[in-house]
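Please have the structure open as you read.

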Amino acid sequence: MKIVDVETFSVAPRWLFCRISTDDGLVGWGEPIVEGRAETVRAAVHELADHLIGQDPLRIEDHWQVLTRGGFYRGGPVLSSAVAGIDQALWDIAGQYYSAPVHALLGGPVRDRVRMYTWVGGDEPGEIADAISEKLEQGFTAVKMNASAAMSPIATSAETDAVVRRLAAAREVLGPDNDVAVDFHGRVSVANARRLLPLMASLHPMFVEEPVLPEFAGQIDSVVACSSVPIAVGERYYHRQEFTTPLAAGVSVVQPDISHAGGISEVRRIAALAEMSDAVLAPHCPLGPIALAASLQVAFATPNFLIQEQSLGIHYNVGNDLLDYLVDPAVFQFVDGYVERPQGPGLGIRIDEDAVRRADKTGHRWRSPVWRHTDGSFAEW
């Protein structure tokens, strides 16, 4: 069996899909994307495809090593995301070849269903309460919310209070038996994080995500030490070595993105690394159906898995949503906040290829927002 073609498709709202086909008719799908840099990653996928054409798709680890280490200049989000989508597609092919879901090839399932969380919007406590009530009615038992909009480098008392009030409003609706995660989104300075986290501790967030920017990972130990709130990092880390410093500092949750951090092959290694520090895996995934399917395959085979993010109804999904490119959307049916273990071969989903090809004719040019502080200076989004 040989790889004969590598195609990419830019599909709304902000995704990039990769299709790898073989000479015996097997086709694998992946999702290589850096949000806001779809065309850049698309070019990288096709550069890497030069290595793949004519090769055996089942040599997944060898391809991963060559694609990540075969260039003199390595790493970074664009190349690692390109490799991630290719890696997902190769695992999809392998599962179909062996007539088994990917989690079976990773050692078999360690759980029967995976807990999911969903995003809630609204910037005011009242809006948060209404949004969470709606999600609880849908059966979810865990939600995630942003801590704040743009925040001053040293927050005012009003800014700090607003974060705590919103979390308190969420906890009041959720009660003691449901969970809320809070995303700082890199908007919070190290100083602000150290001030906020002790104030949030009594409200028992499941974890606080990305409390400081990745470039300040050297200071994460002081953030971990300032409170008992579990700290989660990793959506903007692209290689297992980037997780060593945060894990040594005592972070509780690692959040690699399977479409950024080298795909299935690397994310399962990151999970194993985290297990050595008694940390758990909660993959980042505000993306499309292929990324979610790949994340779930890892989740079902990973002992130290915590919870899975998914993007259904997220504010980014304007015009198209998570289920639009699937032949059978029921594979992602969430019941009581869980999804059942997929039984189909490969990634366990069937992509509506006609819909994908139609969407690619229009494509998209999604870009990250650019925010400003009140004085006109750049603010972290």
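## The cavity

The largest cavity has a volume of about 50 Å³. A cavity, on a 1 Å grid over the protein atoms alone, is a set of points where a 1.4 Å probe fits but cannot get out; points are joined across faces, edges and corners, and the volume is the space filled by probe spheres set on them. The structure holds one cavity of 30 Å³ or more.

Residues with an atom within 4 Å of a point count as lining, and among those lining the largest cavity are Glu210, Val212, Leu213, Glu235 and Arg236. Its lining comprises seven nonpolar, one polar and three charged residues. Here Ala, Val, Leu, Ile, Met, Phe, Trp, Tyr, Cys and Pro are nonpolar, Asp, Glu, Lys and Arg charged, and the others, Gly among them, polar.

## About the model

This is a predicted model, in which local features need pLDDT of at least 70 and side-chain atom pairs count only at pLDDT 80 or more, while totals for chains, interfaces and linings use all residues. Residues are numbered from 1 along each chain as its sequence is written, and side-chain values use heavy atoms, with hydrogens and water left out.

## The largest pocket

A pocket is an open set of points with protein on both sides within 12 Å along at least five of seven lines. The largest pocket has a volume of about 1,200 Å³. Lining it are 47 residues, of which His185, Glu235, Tyr316, Ser368 and Trp381 are the closest to its centre.

Helix 5 gives the most to this lining, with three residues. Helices (H or I, at least four residues) and strands (E, at least two) are DSSP runs, numbered from the N terminus. By class, the lining of the largest pocket has 20 nonpolar, 11 polar and 16 charged residues.

## The second largest pocket

The second largest pocket holds about 350 Å³ of space. Of its 22 lining residues, Thr68, Arg69, Arg74, Gly75 and His239 are the closest to the centre. Two or more residues each come from helix 1 (38-52), helix 2 (60-69) and helix 3 (77-97), and helix 2 gives the most, with six.

## Helix 1 and helix 2

The axes of these two helices, lines fitted to C-alpha atoms over the stretch in contact, come within 11 Å and cross at roughly 130°, with angles running from 0 to 180 degrees between N-to-C directions. That makes helix 1 oblique to helix 2, since angles under 35 degrees count as roughly parallel, over 145 as roughly antiparallel, 65 to 115 as roughly perpendicular and the rest as oblique.

Leu48, His51 and Leu52 of helix 1 meet His63, Val66 and Leu67 of helix 2, contact being heavy atoms within 4.5 Å.
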